[in-house]
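The report below takes up charged pairs, then the fold, the surface and the confidence of the model. Please read it with the structure in view.

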Amino acid sequence: SKFITSPNNNLKYMGLELLTLIVNINPTYAVQHQAHVISCLEDPDESIQRKVTIILGESHSLAQLNLHF
């Protein structure tokens, strides 16, 4: 979460990108960092906002799949 909370947008984006990869393996990691991820929605950088919506969507979809198995 240090990258995600960084004031540097490049580091923040990189942290979100890495979290996206991790969420594909284990969606519970998104839940652990949910407050930090959601706070990124307030960032003025649209690429960061888009990345957050992707993470939230993927983690929700993967969590739903896990419920069915």
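## Salt bridge between D43 and K12

D43 and K12 form a salt bridge, with 2.8 Å between the closest N and O atoms. A salt bridge here is a side-chain nitrogen of Lys or Arg within 4 Å of a carboxyl oxygen of Asp or Glu. D43 sits in the loop between α3 (34-39) and α4, and K12 in helix α1, so the pair links distant parts of the chain, 31 residues apart. Helices (H or I, at least four residues) and strands (E, at least two) are DSSP runs, numbered from the N terminus.

D43 counts as buried, at 7% relative accessibility. K12 counts as buried too, at 12%. The classes are buried for under 20% relative accessible area, exposed for over 50%, and partly exposed in between (1.4 Å probe, protein chains only).

## Basis of the model

This is a predicted model, in which local features need pLDDT of at least 70 and side-chain atom pairs count only at pLDDT 80 or more, while totals for chains, interfaces and linings use all residues. Residues are numbered from 1 along each chain as its sequence is written, and side-chain values use heavy atoms, with hydrogens and water left out.

## Other salt bridges

By this rule the count of salt bridges is 3. Another of them joins the side chains of E17 and K51, at 2.6 Å from N to O. Because E17 lies in helix α1 and K51 in helix α4, this pair ties together parts that are 34 residues apart in sequence. E17 is partly exposed, with a relative accessible area of 28%, whereas K51 is buried, at 9%.

K51 belongs to helix α4 (residues 46-68). Leaving out residues up to four places away in sequence, K51 touches Y13, L16, E17 and T20; a contact means heavy atoms within 4.5 Å.

The side chains of E46 and R50 also meet in a salt bridge, at 4.0 Å from N to O. E46 and R50 are 4 residues apart in helix α4, so about one helical turn separates them. E46 counts as exposed, at 54% relative accessibility.

## Fold and contacts

The secondary structure of the protein chain consists of 4 helices and 0 strands. From the N terminus on, the order of elements is α-α-α-α. Among contacts with a separation of 6 or more, 58% are between residues 24 or more positions apart. Of the 69 residues in the protein chain, 26% count as buried.

## Surface

The protein chain has an accessible surface of about 4700 Å², and carbon and sulfur atoms account for 60% of it. Accessible areas come from the Shrake-Rupley method with a 1.4 Å probe; for residues, only the protein chains shown count as cover.

F3, L11, M14, L18 and L21 make a nonpolar surface patch of about 420 Å². Patches are made of residues with over 30% relative accessible area and no salt bridge, like charges being joined within 9 Å and nonpolar side chains (Val, Leu, Ile, Met, Phe, Trp, Tyr) within 5 Å. One of the patch residues, L11, is found in helix α1 (residues 9-25). L11 is partly exposed, with a relative accessible area of 33%.

## Confidence

The mean pLDDT of the protein chain is 83, and 84% of its residues reach 70 or more. The pLDDT is the predictor's confidence in each residue, from 0 to 100. Confidence is highest in α1, at a mean of 90, and lowest in α4, at 74. Where pLDDT is low, the predicted coordinates should not be read in detail.
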